[in-house]
Amino acid sequence: MSVKNTKERIKMFENGFLGTSAPFYMDLSTLYFALLPVLMAMAVLLAVKKLFKAHAYSQMGLFILTIIVVLYFEIGVRLDGGYFAYIEKTSLPKDKMAIYMIVHIFIALVSTLVWGYHTIRSFKEFIKTKSVYINHKVVGRFIFTGMTITSFMGVGVYWLLFVQGIS
């Protein structure tokens, strides 16, 4: 069975639901990342309301779900020919898209790594002492800002590739 035939049988490569030429996995990932800043803000609101246990579990859940969505997205992109396969199908300037993607990936990688460390450290501290470390809010704001920028840029990539950049 060829890769093409296999791809045609997998749901993630079928047409998406957002009305563009993007595959299902791209639409699903984009929708999730469009909602992620709102979901993170809701989790922060739990801490503001002093519902610390709910905040801790919602942040842990969001982090795990985000990693799953990123893995699903990355597997889809790799199996679908990679980032450059999409760029080749558009009329967008390749060099400017490459710079945009490098910045997007850098912010996403730093934010996600800090989020993972922060989540694990905070969760352990919370279980041990029912409290968090002293810079928790500052680091949380950094993560929220980074993930929000990452989300907007990811939605921007989708828009550039599947709405604006249609050849």
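Trainee: Why is E74 called partly exposed in this predicted model?

Mentor: E74 has a relative accessibility of 28%. Buried means under 20% and exposed means over 50%, so E74 falls in between and counts as partly exposed.

Trainee: And what makes R78 buried or exposed?

Mentor: The relative accessible area of R78 is 54%. The cut-off for exposed is over 50%, so R78 is exposed.

Trainee: How do you know that R78 and E74 form a salt bridge?

Mentor: Look at the closest N and O atoms of the pair, which are 2.7 Å apart. A salt bridge needs a side-chain nitrogen of Lys or Arg within 4 Å of a carboxyl oxygen of Asp or Glu, so R78 and E74 qualify. In general, side chains of opposite charge can pair when their charged atoms come close. The structure holds one salt bridge.

Trainee: Where do R78 and E74 lie?

Mentor: Both are in helix α3, residues 52-79. They are four residues apart, about one turn of the helix.

Trainee: Let's turn to the core. Which residues of the largest nonpolar core touch the most other members?

Mentor: They are Y25, M26, Y86, M97, L161 and F162, out of 17 residues in that core. Helices α2, α4, α5 and α6 each supply at least two residues of this core, and α6 gives the most, with five.

Trainee: What is M26 in contact with, leaving aside neighbours within four places in sequence?

Mentor: M26 is in contact with F73, V77, Y86, Y158 and F162. There is also a second, separate core of 11 residues, including Y32, M40, A43 and L62.

How values were computed: Residues are numbered from 1 along each chain as its sequence is written. This is a predicted model: local features need pLDDT of at least 70, side-chain atom pairs count only at pLDDT 80 or more; totals for chains, interfaces and linings use all residues. Side-chain values use heavy atoms; hydrogens and water are left out. A nonpolar core is a set of buried Ala, Val, Leu, Ile, Met, Phe, Trp, Tyr and Cys residues joined through side-chain atoms within 4.5 Å. Buried means under 20% relative accessible area, exposed over 50%, partly exposed in between (1.4 Å probe, protein chains only). Contact means heavy atoms within 4.5 Å.
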